[in-house]
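Take a look at the chain below. We start with the overall fold and then go down to single side chains.

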Amino acid sequence: MPKFEYAPAPESRSIVSLRESYGLFINGEFAPSGDGRAFKTISPATEEVLAEVAEASPADVDRAVAAARRAYERTWSVLPAKERGKYLFRIARIIQERSRELAVLESLDNGKPIRESRDVDIPLVAAHFFYHAGWADKLEYAGYGPAPKALGVAGQVIPWNFPLLMLAWKIAPALACGNTVVLKPAETTPLTALAFAEICQQADLPPGVVNILTGAGDTGKALVTHPGIDKVAFTGSTEVGKEIARDCAPTRKKVTLELGGKAANIVFEDAPVDQAVEGIVNGIFFNQGHVCCAGSRLLVQESVYDQVLASLQRRLATLRLGDPLDKNTDVGAINSAAQLAKIRELSEVGEAEGAQRWSPPCELPVKGFWFPPTVFTGVSQAHRIAREEIFGPVLSVLTFRTPAEAVEKANNTPYGLSAGVWTDKGSRILWMASRLRAGVVWANTFNKFDPSSPFGGYKESGYGREGGRHGLEAYLDV
Ligand code: NDP
């Protein structure tokens, strides 16, 4: 238990000026949806309504795709690559200038702790734009031939767990490669995407190069199935990813899918326990576990199981859950009532199937959507909590005896997005990494991201890579 209490250290929200209502961003301007429909976005920490946001209809999707096509043909594809790069550099610098505002807005709309939006999300957003700005006039050196061409108009659909960061992962490479975009943010987290639309205006980006359509799943479906789209990029659930793959299969559209995961975080007996425990906490409790590559299955070598579990429980008792805008908060709010219901349901299934549930003593706020950090022990491979993505602050702990058994268990999943290995031995890291069927394998660390490092999945975690030289391929006609 902490020896002293922290005084509240709330970040002021006065830096954010919320409008009462937001329109769709089409052809460089904000406009209401054609049929006037709108929905409310709330703060998941307090259930306070933050703003009303337009809901794009299929007719709005038509308008946005037409604007993106015009911008592609008349402006963006004929602009010298160096000039495209200048716009991206300008956007990156404005993101840095407005970083505090964007971090507060993200924490308000998403529920994530300000410490994470301020220190992780927004710096990575700027880094993605800087990185891809540099690529814009160097594409002939990317290894895809002497003059790689853009694809045209990209339709992009993103989830709610890293709203602005997922936007950056989608828009920065698309624009750098010469494409124009229509992007739909998630229904529960539209506000930073709309702030990004303002940044495009501020950067004097030619109208139509970036279009933002707010709405729900139907808007997403209308976008990815639109015949005017050349490329579909999606991040979200495996279920919706499969539907999109089916929708796009009979078309000429190029598709990349970044879907769910059930990553193994593997701790060997020779690992430094304190560092591994920090990595376990970061792996599953960062962003309330709303992370597709979260280390949601902890595999501990049997000989150190008691030691690791005791250290982990001690550490979890020090996590502070509460106001996302408090700078001392480690665990924020669950993003929506629907997601909370899903986490609760799967946790109840875990208990019913015979696993033991543990949470540190932790007071949950009365208003808003909250779930305490939770650890399940006595989990077997057959349990649903070991197989299904919970997408919340819930860790399933399993054990192993030999490296071969660790590989077997880690790979025993339909997913393959990431994995973590904790050991003192470099040779074991390489041995494991070459056998783990995961797009990213972290060694003695977890949840580390960099724009130059490609990210993506095996099996039902999707296909295509985002980031690095490999990520450019998704937006080039190669
Ligand atoms: P979804 O896959 O439903 O949502 C992702 C995005 O796709 C959202 O913008 C959503 O819109 C949109 N969308 C929904 N249906 C369609 C469709 N038929 N065609 C095109 N776009 C569509 O994820 P959820 O938010 O419903 O989360 C459900 C589960 O998915 C989570 O519990 C988690 O397990 C997993 N998930 C995984 C993520 C990852 O990064 N791998 C990210 C998010 C969720 P809208 O939000 O408006 O419904």
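Predicted model: local features only at pLDDT ≥ 70, side-chain atom pairs only at ≥ 80, totals over all residues.

The protein chain holds 15 helices and 18 strands. Its radius of gyration is 22 Å, close to the 23 Å that the globule rule gives for 478 residues, so the chain is as compact as a globular protein of that length. The C-alpha trace spans about 65 × 50 × 35 Å along its principal axes.

Now the packing. Of the 478 residues, 59% are buried. Take the contacts between residues at least 6 apart in sequence: 76% of them join residues at least 24 apart. The accessible surface is about 18,500 Å², and carbon and sulfur atoms account for 51% of that. As for charge, there are 52 positive and 55 negative ones, and their mean positions lie 4 Å apart.

Next, helix α13, residues 403-411. Its buried residues include A406, V407, K409 and A410. Which elements cover the buried residues of α13? The cover includes the strands β11 (264-267), β12 (297-301) and β15 (394-400), along with helix α14 (426-433).

Finally, K112. This residue sits in the loop between α3 (99-110) and α4 (114-135). Is K112 buried or exposed? Its relative accessibility is 0%, and buried means under 20%, so K112 counts as buried. Its side chain makes a polar contact with the side chain of D121, at 2.6 Å. A polar atom of the K112 side chain also lies 2.9 Å from the backbone oxygen of N161. Leaving aside residues up to four places away in sequence, K112 touches several others, among them E106, S117, F162, N287, Q288 and P324.

Notes: Residues numbered from 1 in each chain as written. Heavy atoms only, no water. Helix = DSSP H or I, 4+ residues; strand = E, 2+ residues; numbered from the N terminus. Rg over C-alpha atoms; globule rule 2.2 N^0.38 Å. Buried < 20%, exposed > 50% of the residue type's maximum accessible area, 1.4 Å probe, protein only. Contact = heavy atoms within 4.5 Å. Areas by Shrake-Rupley, 256 points an atom, 1.4 Å probe, with all protein chains shown as cover. Lys, Arg positive; Asp, Glu negative; His and termini not counted. Charge placed at Lys NZ, Arg CZ, Asp CG, Glu CD. Polar contact = N/O pair within 3.5 Å; in protein donor to acceptor, adjacent residues only side chain to side chain.
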